[in-house]
Amino acid sequence: MGLVCVRVVGYRDRAAERLAENLGRAFQLTYIIRDIKEDAAMGRVYLSQEELEKFDVSPSELHSNGDSARLRMLLGSIADRAREYYRAGDELIPLIDEDSQPALWVLVTIYRRLLEKIALRQYDVFKHRVSLTTREKLFILGKGLLKRLG
């Protein structure tokens, strides 16, 4: 996803491609965390067996109510990886065409905030779907517009 986006908006440095791939990974990991229960209910597990074993989590626990400390530790570990990848977004923004920088900033900020909102709920993505409110998204969009005008 990140690589496609950066090719559409244009960039000045080939390093942008690697950064865009990492940013795409951040988005993907955020989705995996947020949607883990729904995906498991449809028979889809996007975590490796190695990762599950590391935290002693069985695939059946992904259907649970999320009360397992091990499961939350696993999601926290994935979130830490996502945060590392989001740093690529910070490095990527200056490398893309100026006209597109605010839009990418908005996108990165929305997904990063979603991840942090999930973390604030201690990775409880099992009882309620975590999302940003329309107000939160509009606030970020407004800041992005100011960046575009500034």
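Trainee: Where is Gln122 placed in this predicted model?

Mentor: Gln122 sits in the loop between α6 (101-120) and α7 (134-149). Its phi is near 55 degrees, a positive value in a residue other than glycine.

Trainee: Why is Gln122 called exposed?

Mentor: The relative accessible area of Gln122 is 55%, and exposed means over 50%; Gln122 therefore counts as exposed.

Trainee: What makes Tyr123 buried or exposed?

Mentor: Tyr123 also lies in the loop between α6 and α7, with a positive phi near 60 degrees. Its relative accessibility is 12%, and buried means under 20%, so Tyr123 counts as buried.

Trainee: How many aromatic pairs does the structure hold?

Mentor: The structure holds three. One of them joins Phe27 and Tyr111, with ring centres 4.8 Å apart and planes at 45 degrees. Phe27 belongs to helix α2 (residues 15-34) and Tyr111 to helix α6, 84 residues apart.

Trainee: Why is the pair of Phe27 and Tyr111 called tilted?

Mentor: Planes under 30 degrees apart would count as stacked and over 60 as edge-to-face; the angle here is 45 degrees, so the pair is tilted. Both residues are buried, Phe27 at 2% and Tyr111 at 15% relative accessible area.

Trainee: What makes the pair of Tyr31 and Tyr111 edge-to-face?

Mentor: Their centres lie 5.5 Å apart, and pairing requires centres within 6.5 Å. The planes stand at 70 degrees, so the pair is edge-to-face. Tyr31 lies in helix α2 and Tyr111 in helix α6, so the pair ties together parts 80 residues apart in sequence.

Trainee: Which residues form one aromatic cluster?

Mentor: The cluster consists of Phe27, Tyr31, Tyr86 and Tyr111.

Conventions
Residues numbered from 1 in each chain as written. Predicted model: local features only at pLDDT ≥ 70, side-chain atom pairs only at ≥ 80, totals over all residues. Heavy atoms only, no water. Helix = DSSP H or I, 4+ residues; strand = E, 2+ residues; numbered from the N terminus. Buried < 20%, exposed > 50% of the residue type's maximum accessible area, 1.4 Å probe, protein only. Phe/Tyr/Trp six-rings, centres within 6.5 Å; stacked < 30°, edge-to-face > 60°.
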